[in-house]
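Please look over the sequence and the structure below.

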Amino acid sequence: MRKAVIHSGLCLLALGILALQAAAQSPAKVLKQAEKALGGSKKVRSVRSSVQTGTITRLGDGAVGRYRFQTEQPNLLNISYDLAGFERESGYNGRSGWARNSRDGLRTLTGADSAAMQATALFRNSLWLNYKQQKVKLSSGGIENVNGKPANVVVLTTPKGITIRIWFDAVTGLPVRDQIGDETAEYSDYRDIDGLKRPFLVHLASGGERYEVRLESIRLNTVVARSTFDFPVRTNEPLPDISALLRELQANEDRVEALLDSYSFTQKVVKRELGKDGVLRETESETFQMSFHKGRRVSRLIEKNGRPLSPKDQADADRDVEKRIDEIEKDAARSEASEAGRGPARGDERRISIAEVLRASKLMNPRRERFRGRDVVVFDFEPDPGFDMKNAKSLLKFFGKTAGVMWIDEEDKQVARIEASLADSFNVGGGVVAKLKKGASFVLDQERVGGEIWLPSEAEINLAVRVLLVKGINVNQVVKSYGYSKFQTEVKDAAVGQPQKP
């Protein structure tokens with residue numbers, strides 16, 4: 001009896017030591033141990049694609065169906081299954097995320113759902129291996145029990161604030177659970193596949209339901225047709241004439257340019273940072289009164305961090321506006337001189353239209369959907385390898401390297417929303433002045449104003465840029481635009497008023 005007590009005490013002590021050792025480990029060390037447990041970093045990195053098939057059971061009612069999970073580097077994903085004849089499918093094709101089911105049909109994901117799908121696609125392809133390049137923050141979630149066993153918790157937070165929590169068995173080092181958004185997966189029954197450990201039993205919790213996935217086959221680095229990840233085609237849906245749509249969009253863009261000169265609005269720029277704990281926080285903000293003068297943007301600073309400027313600071317901000325107006329007038333004069341044959345104009349800062357950007361892009365997967373109560377045409381786009389980038393404008397060269405998805409109001413022929421990311425690094429001044437890294441992303445939402453024009457309501461910008469070959473800067477901003485109204489007074493004579501609240 002005494003020996004049994006001593007043995008039990010030693011076991012408890014050993015478990016306690018293991019827990020303390022796990023608690024002392026850094027998140028980076030936990031990840032390295034997991035790579036070793038899975039088969040080694042080199043082996044894990046060698047996986048370019050995977051096809052996993054098996055059965056799925058809904059535990060609530062016992063409904064059973066077929067399950068298929070497919071990935072391809074760098075970020076392609078397709079998950080499909082059926083339960084008692086009810087089909088579900090979701091995926092990310094490198095440009096847009098989408099989901100469909102037998103009841104609600106097919107839809108393009110937006111906002112938080114889109115960001116979560118993008119993060120999921122990256123994680124399912126490369127796990128945490130590229131977290132530094134992707135500017136993902138690591139933090140420790142401490143020690144928790146998973147099915148009665150201690151597990152190290154590592155938290156990954158993307159620049160967009162998407163959180164991925166991973167539980168690693170404190171003894172084996174293998175991943176035993178992960179959570180992205182409202183979906184949690186638990187892994188067991190690890191087996192050797194081509195020198196890599198892969199789980200053949202997965203328990204899922206999503207949307208208030210619980211499922212059990214029993215895999216029958218896992219094939220790594222097999223050829224997966226690119227069309228597998230494309231947006232599903234609706235065979236019975238009449239597709240729009242994209243060429244005609246772009247022509248009408250361009251005509252409307254010209255009209256929008258003229259209308260912008262008669263609108264003023266308030267714009268708030270919020271800067272955010274990911275803390276060491278992986279929490280995305282607002283760090284500072286500036287609020288501006290925005291106007292346009294002769295097609296050029298004029299901004300008047302009126303608030304910092306939610307507080308009005310002091311009289312002195314406001315006077316300085318107003319003088320900056322006066323200087324800006326003078327610059328615009330001089331540029332306008334140079335433009336007139338250029339038209340008269342007296343040399344090239346400088347400082348042309350008019351916007352490059354969306355239609356012009358799309359001419360540098362390859363368009364695909366056109367579809368009709370409902371977006372915020374209106375009929376829209378949605379399509380994916382990516383860089384067109386046949387576009388003459390060498391002779392394009394600098395800003396167009398940047399947009400000509402983006403890939404994403406766009407929503408166009410079918411009636412107004414104007415852009416309602418755009419989500420895009422930089423498909424390749426972009427150099428400014430040959431890379432000497434600055435270099436924007438691949439993966440930089442932006443989202444632009446627009447609202448219908450005055451029954452005549454779609455104007456920006458919110459933009460989200462995430463990018464990493466290297467300046468002057470040395471300094472690296474991460475930009476994470478949300479830009480909110482609101483309080484649109486037509487004005488008649490010249491901007492340089494307009495009085496400073498109180499900003500409207502979003």
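**Salt bridges and a cavity**

Arginine 100 has a relative accessible area of 26% and is therefore partly exposed (buried means under 20%, exposed over 50%, partly exposed in between; 1.4 Å probe, protein chains only). The model is predicted: local features need pLDDT of at least 70, side-chain atom pairs count only at pLDDT 80 or more, and totals for chains, interfaces and linings use all residues. Residues are numbered from 1 along each chain as its sequence is written, and side-chain values use heavy atoms, with hydrogens and water left out.

Arginine 100 forms a salt bridge with glutamate 89, with 2.7 Å between the closest N and O atoms (a salt bridge is a side-chain nitrogen of Lys or Arg within 4 Å of a carboxyl oxygen of Asp or Glu). Arginine 100 lies in strand 5 and glutamate 89 in strand 4, so the pair ties together parts eleven residues apart in sequence (strands are DSSP runs of E, at least two residues, numbered from the N terminus). Glutamate 89 counts as buried, at 15% relative accessibility.

A salt bridge also joins glutamate 460 and arginine 272, at 3.2 Å from N to O. Glutamate 460 is in strand 25 and arginine 272 in strand 14, so this pair ties together parts 188 residues apart in sequence. Arginine 272 is buried, at 17%.

The whole structure has 32 salt bridges.

The largest cavity has a volume of about 80 Å³ (on a 1 Å grid over the protein atoms alone, a set of points where a 1.4 Å probe fits but cannot get out; lining residues have an atom within 4 Å of a point; points are joined across faces, edges and corners, and the volume is the space filled by probe spheres set on them). Of its 13 lining residues, Gln118, Lys160, Glu419, Ala420 and Ser421 are the closest to the centre.

Terms used. On a 1 Å grid over the protein atoms alone, a cavity is a set of points where a 1.4 Å probe fits but cannot get out, and a pocket is an open set with protein on both sides within 12 Å along at least five of seven lines; lining residues have an atom within 4 Å of a point. Helices (H or I, at least four residues) and strands (E, at least two) are DSSP runs, numbered from the N terminus.
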